[in-house]
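The following note comments on selected features of the model.

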Number of protein chains: 2
Amino acid sequence: MYFALTCYIATGVCGATQGEGKMQTGLSVSDQDGSTFAPLVVIELAHDTKEEAVAWLLKRIRDKQQDGGAELLVEQLSPEDQGGEKDNPNVYVVGASWQRLLVGAEDVGLFKEFNDSTMRGFTCANKENFKEFQGDGDGFLSMAECQYIIKHELDTLRAKDEAHVPGYPKMKLYPGKSVIRRYQSKRILVQVFPLHEKEELKRLSSSWYKNFKLSFQPLDDIRHYFGEGLALYFAFLEYFTMALIPMAVIGIPYYLFDWEDYDKYTVFACFNLVWCTVILELWKRLSASLAYRWGTLSRKKAFEEPRPGFHGVLGLNPVTGREEPLYPNFKRQLRIYLVSVPFVLLCLYLSLYVMMIYFQMEGWVLGMHDDGPTFWTGVLLFVPSVIYAVVIEIMNLVYRYAAEFLTNWENHRLESTFQNHLVLKVLVFNFINCFASLFYVAFVMQDMGLLRQSLATLLITSQILNQIMEAFLPYWLQKRRNKKAHKRLIKTMADRELPLADQVKLEADMNTYLGTFDDYLELFLLFGYVSLFSCVYPLAAVLVVLNNVTEIYSDALKMCKVFKRPFSEPAADIGVWQLAFEAMSVIAVVTNCALIGMSPQVKSYFPESHSQLIMWVVAGEHLLLAAKFVLTFVIPDIPKHIQIKLSRLEFESLEALKKRKMLESSGIPKKTDK
Amino acid sequence: MYFALTCYIATGVCGATQGEGKMQTGLSVSDQDGSTFAPLVVIELAHDTKEEAVAWLLKRIRDKQQDGGAELLVEQLSPEDQGGEKDNPNVYVVGASWQRLLVGAEDVGLFKEFNDSTMRGFTCANKENFKEFQGDGDGFLSMAECQYIIKHELDTLRAKDEAHVPGYPKMKLYPGKSVIRRYQSKRILVQVFPLHEKEELKRLSSSWYKNFKLSFQPLDDIRHYFGEGLALYFAFLEYFTMALIPMAVIGIPYYLFDWEDYDKYTVFACFNLVWCTVILELWKRLSASLAYRWGTLSRKKAFEEPRPGFHGVLGLNPVTGREEPLYPNFKRQLRIYLVSVPFVLLCLYLSLYVMMIYFQMEGWVLGMHDDGPTFWTGVLLFVPSVIYAVVIEIMNLVYRYAAEFLTNWENHRLESTFQNHLVLKVLVFNFINCFASLFYVAFVMQDMGLLRQSLATLLITSQILNQIMEAFLPYWLQKRRNKKAHKRLIKTMADRELPLADQVKLEADMNTYLGTFDDYLELFLLFGYVSLFSCVYPLAAVLVVLNNVTEIYSDALKMCKVFKRPFSEPAADIGVWQLAFEAMSVIAVVTNCALIGMSPQVKSYFPESHSQLIMWVVAGEHLLLAAKFVLTFVIPDIPKHIQIKLSRLEFESLEALKKRKMLESSGIPKKTDK
């Protein structure tokens, strides 16, 4: 069983293992010249790609940088004819010499630890001054970094004066067009993915999730293997879980002793308010600390290439001055405002319509139960909620596909704007879909008992569904698929080291990890359940904590066993999600204030004047919002000691510049003015 | 009369006049070596300064840059014994050679127009590629820029290993301490100020305010003479006035035909809401355009020196690694939270107390008028408001001094944090002091007639007081002071060209302009009057427009005639004031929504349920706030075409770097990995 789980992970191919700082030469590929190199990245072309196109691509990848090539090492994976199965012959492994990788590290603006323990942008000129740089630099870069560099170099491999891809007269090229993007957009390039590293993955998984022990996650190791973007997600997941613990601890006695006493929840609501503001502010500081330690905090973003799907009429890009497809902005705006926005609004209407049906069903079932209460009608009481929770999940899924299609059709030039528009669409719908019913129960029906019940049902159902859909289903599918493949493999060889070709084939068949979007979305909704309404159902925090603990394990499992290794993504923060969580916490202030205003306890202070009660609640809410705003300004986003380190670096570079200029100018003879 | 106005302005001394691009050598000073230079900046030391200290300072200013000096030209102003008056002999004029100024321009990171019409950081290396660079660079820099450079070079003149200032064993120095700051903090240095340039000032003032014509201000010329900070203030003043015109135009018919019909103001309030959000967003874009044109948009801020008043125990600055006074942050925090905050709160309480007295007076007078209305009791009705307006102005002034003292005592290291703390203190108090009574009338007394009357009285009184205090009083004082001085001058010489010594003396006696703080504060309060409550008094916008038009003229007069020329201050935006105005516009949403909710028109829609009315108003207000927030995000702060220009510059520098590296690395022999 254990064997079946691990043997489809590629064996130690390359990459400095953190402790040893020395490259493992476990597997290697022979170069054209006969010398060997460590394969890092796999390129798979469609099996019917014309030979000229393949040959041209390989030549361009191998060409020297002066000649406009990528100067990487690339070899075809020898297609072994095994058991009559027809493998795709167009699979190539890419590697690079250490010298080339170091140059690439400078190109991508990698930050590494300097001798004085600060993080600095790596430059080949003073490479000896970086910590852990030994010999010729072998082992200085982690495997994930090497793979990121190779991906960057492949992405920025540009066409020169070829008019089209050899063999494909219709695949137009223009000077400066990214070759890989062109192959991708025409589906000739099936996939590019980095290889796993068996030994390191084994170590990582055993310290991460194999042993069920109470400890923090090995964030540095996760970052070392998967990159900063994913490590920040796991850091946030862990932080969020820890931050929920005080709430859960307070929630349990509330749940146990005040189950029917809705009055007491005002204290809990106040706690809620402070809590969700403070944790988000503190997370910003923690995330800045992590990003500093990992060298992504002051890293500059490179210029983004157009997305593979982007199309338009050839014109001059005003920024780069290069010829590239341009798509007029007003057309995009028209598509957004005349199609996407109405579609989203329609979906929101549909979602609210389904919600009203749910409440009708609910009322109908309740009526039946009140007419003649039996055990079965008691069970039936929960049926509408469960159905509604399932329908919500389905609608979310369907909408997600529609949103992706629409955002794609809007034809955004950059991947980042594409992502922002997609996130916005999905967030708004998910928010309405998941929380509209709760808002309706809380503020229109004003039924706290029903609110509590709906919250519990929604929370539990969506958690169970999520865990199944997200990790265990793909895991099970993966296992089933691998079993077939392995039976054959185990027959042919007994030792545990698989030949490279088989590993590549195994990894190529694994699912592709589509990024942290869905994982953050799930956390966002959980945060909503906890911050918006949990004061009426204090057990929510406990449930979310439990969910998060299993989430950490299932996400870890999924990253290590189910998916292809993703390219590491440098990230300095959780990006647009910070904003989304902050927006949620603002909404939480509003709902919690409203819930406090509706509590019988508070109402009893204003026995005769209902409108005065509302005025006071509104005044309090405005004060809280103002305080929240001030707090955001007062708490610095970056901890003082990191701020000092950053300023020192900046100061030093300024001083160095000044000194250099002084030296240069001291040679120039001085004249006084007449 | 005209002569008396203009002749205390220094005659053309130096400086490239914009049109001619050639240095005027009108007046000049003889150097030690006998060569002449154009005086730009005046340094005045106390008349009893010890000679060693003076000699040492002059030596350090003259020393070559390699030796740690400022490499500037400095000469004593020959003290002429005129009419028995004892002039201060320790007045020095500072200049520099063009070569030195160009090096300084690179030091301060000046942006100038490049050949391709983009703004780029000036470097001596490719000076020939900048527009308007001719010959040896004579006339390339404006006089204001030269003076700014000299100020920067003086400020960054640092002590080497001297333990104290020669002749003053108690004036301790340490390596890296700014010499000028030390002289300043010990009051040996009386003042440093740049000289006016008569010809240019004459041209500027005639195009700016001499001819009363309908046209925009000559912003580029203002920037050319006074620098970006002040030009942005005048640009904002003008923009704000223009933005008010639609409001004023709508306001007049409202005022004429609906004077007693309070119901109609809901439309005006809605207009108000949209208006104050939109104009602030558009201003950001306009200010970015101006800042780009003036080359301050992408300019980096230099490291700030400690303020002259900052004191502490010598220690190592963690950023620069230099020895300098350090003051523990917790002590400062203690001072802020245990002294300053309680003091501010006490003042706010006092202000509210005075307000309550005003309302008592108001009620008392009203009672008298109702008992037996005569003409005099009718006049008496306005007396409390006028008294209150005067008291408010006085309290604002007194508080201002207290705030400055306290902020100084808080011992902030940087001028910018000092300014921020001062602005915050003054803003909060001014806001409460000026608007509390209006809030009280509007929302506690709910008396729209009284609100209208108070608003009108406050607005008119404060405007009249401000114009008097701010421009005409100093102008009158200045004139009186100058008359005496001039009588003597006119006797001794008949031609209009004054000798340098007399000009310097005249300018040294002029008032010092203390920065744009008070000017912005005034605009901020006017913005408050217009945006918060003007829907009940539509004439407010008209009054503010009239005030602003005179303000432009009086401010222009004050800058050109009353004050010493200020050093130009590079600025990319209006800084903390943008935030203050935005905060005001958020408060305006709240007050306008509340005023709408209180209008009889809206109230009539909810005849039976007062609380439902409130709920709807609150819901609408929340929606508006959310929309405002979204709008801020959606409207880009920098116009697209400027964004493109900035990206292109960044892209070009990246490409250039890449090319340079490619060339460098192509020489290194390549090895493949074993």
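1. In this predicted model, A:E44 stands opposite A:V91, a residue of strand 5 of chain A. The two strands concerned, strand 3 (residues 41–45) and strand 5 (residues 91–95) of chain A, run antiparallel and are joined by four bridges.

2. The pairing belongs to an open sheet of four strands in chain A, ordered 4-5-3-10 and antiparallel. Strand 4 (73–76) and strand 10 (189–194) of chain A each have a single partner strand and stand at the edges, so one side of each lacks a neighbour in the sheet. From one strand to the next, the twist averages 20°.

3. Two helices of chain A deserve mention here. Helix 4 (residues 143–155) of chain A packs on the sheet and touches strand 3, strand 5 and strand 10 of chain A; its direction makes about 40° with that of strand 3 of chain A. Helix 15 (residues 500–509) of chain A also packs on the sheet, touching strand 3, strand 5 and strand 10 of chain A, and its direction makes about 110° with that of strand 10 of chain A.

4. Two charged side chains of chain A lie over aromatic faces: A:K151 over that of A:F567, at 5.5 Å from the ring centre, and A:R307 over that of A:F418, at 3.6 Å from the ring centre.

5. Over all chains, the count of aromatic pairs comes to 74. Among them is the pair of B:F375 and B:W376, which is edge-to-face, with 5.1 Å centre to centre and 75° between the planes. Are these two residues buried or exposed? Both B:F375 and B:W376 are exposed.

Definitions and conventions: Residues are numbered from 1 along each chain as its sequence is written. Chains are lettered from A and ligands numbered from 1 in the order in which they are written. This is a predicted model: local features need pLDDT of at least 70, side-chain atom pairs count only at pLDDT 80 or more; totals for chains, interfaces and linings use all residues. Side-chain values use heavy atoms; hydrogens and water are left out. Rings of Phe, Tyr and Trp (its six-membered ring) pair if their centres lie within 6.5 Å; planes under 30 degrees apart count as stacked, over 60 as edge-to-face and the rest as tilted. Buried means under 20% relative accessible area, exposed over 50%, partly exposed in between (1.4 Å probe, protein chains only). A charge sits over a ring if NZ of Lys or CZ of Arg is within 6 Å of the ring centre and within 35 degrees of the ring normal. Two strands pair if DSSP finds at least two bridges between them. Axes are lines fitted to C-alpha atoms, for helices over the stretch in contact, and angles run from 0 to 180 degrees between N-to-C directions. Contact means heavy atoms within 4.5 Å.
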